[in-house]
Amino acid sequence: MSIELYRDEHHACLMFTDLVEEDGQAVQANQFLIVDHGVGAVIDPGGNLAFNELYLGMSRFFAPQQLSYLLASHADPDIIASLDRWLTSTRAKLVISRLWARFAPHFAKVGKTEDRVVGVPDAGGILPLGQGVLHLLPAHFMHAEGNFHFYDPASRILFTGDLGASMTSGAEAARPVRALRDHIPRMEGFHRRYMVCNKILRLWVHMARKLDIAMLVPQHGAPIVGARAVADFLDWIETLECGVDLFDQRAYQLPTAQIDPAVNAVRAPLRAVQGG
Ligand code: FE
């Protein structure tokens, strides 16, 4: 399913969601296409599960062979495991944190990534796209050590990767959230376990408040839309204790419990993710 997040005469942002058949094994993920004056970039293209559907779905709006960039917020499998196939089917360059620039080639066949990986320094930067730009914003430790968000000044959309992720599926995953309060339970467990610590969230919020954000769009679940909901999200995340804040010696005991492959088989990953 594709959703138009923004469109004007020269610029469009599309979200693709639920491309992967729901079998309970893989977490729901969103992929994005940004086109400016006929030049295109994909954000967080996804894993092999999403490749065929995304390639075909995108073809209705933009010729994938013409893509200039694959932007990866970080190097997780649901972000970039399809890298080999994108490098084969397009001439696009991978734009990713310098920390992952030499790890990402492990997703591709030998030689495929030669001259096609752009390593982004920790400070981020401004990337030309068509006649406009995309801002590559530092978002390190949210959750990956080298992590970027992508701000599109034309649409005022901030693409936040795992930040703002909600554990939903089906139509619910795409339905815009305009009032944050009822949405927090869908985000809370994930953020408490996957975000590294509150200090990082506070530093990021300080930066993010300087942006004019119409919509905050995560890589999992629903977009957070409108000034009120975005401001409420920043307020919520700023005070959230998470990650190492919540860990103490109890989490680091020599284990005694048996891992039973039958009992521990992944059948309901959404619960597993939220239960962190
Ligand atoms: Fe991730």
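**Entry 1, the hairpin.** I reminded myself that this is a predicted model, then started with β8 and β9, which form a hairpin with two residues between them. In that turn I found Gly 130 with a positive phi of about 60°. β8 covers residues 125-129 and β9 covers residues 132-138; I noted five bridges between them, in the antiparallel sense. Looking across the pair, I saw Pro 128 opposite Val 133 of β9.

**Entry 2, the sheet.** Next I traced the open sheet: seven strands in the order β1-β2-β3-β4-β5-β6-β7, with mixed pairing. I marked β1 (2-7) and β7 (117-120) as the edges; each has a single partner strand, so one side of each lacks a neighbour in the sheet. On average, neighbouring strands here are turned by 20° against each other, direction ignored. Ile 3 has Met 15 of β2 as its bridge partner.

Which residues coordinate the iron ion? I listed His 74 (NE2), Asp 76 (OD), His 143 (NE2) and Asp 162 (OD), at 2.1 to 2.3 Å. Along the sequence, I wrote the donor spacing down as H-x1-D-x66-H-x18-D. I checked the geometry too: the angles between the four donor atoms run from 81 to 166°, so the arrangement is irregular.

Asp 76 comes out as partly exposed, at 24% relative accessibility.

Definitions and conventions. Residues are numbered from 1 along each chain as its sequence is written. This is a predicted model: local features need pLDDT of at least 70, side-chain atom pairs count only at pLDDT 80 or more; totals for chains, interfaces and linings use all residues. Side-chain values use heavy atoms; hydrogens and water are left out. Two strands pair if DSSP finds at least two bridges between them. Helices (H or I, at least four residues) and strands (E, at least two) are DSSP runs, numbered from the N terminus. Axes are lines fitted to C-alpha atoms, for helices over the stretch in contact, and angles run from 0 to 180 degrees between N-to-C directions. Donors are N, O and S atoms within 2.8 Å of the metal (3.2 Å for Na, K and Ca); water is not among the atoms, so sites may look incomplete. Four donors count as tetrahedral if all angles lie between 85 and 135 degrees; four count as square planar and six as octahedral if opposite donors are over 155 degrees apart and all others between 65 and 115; anything else is irregular. Buried means under 20% relative accessible area, exposed over 50%, partly exposed in between (1.4 Å probe, protein chains only).
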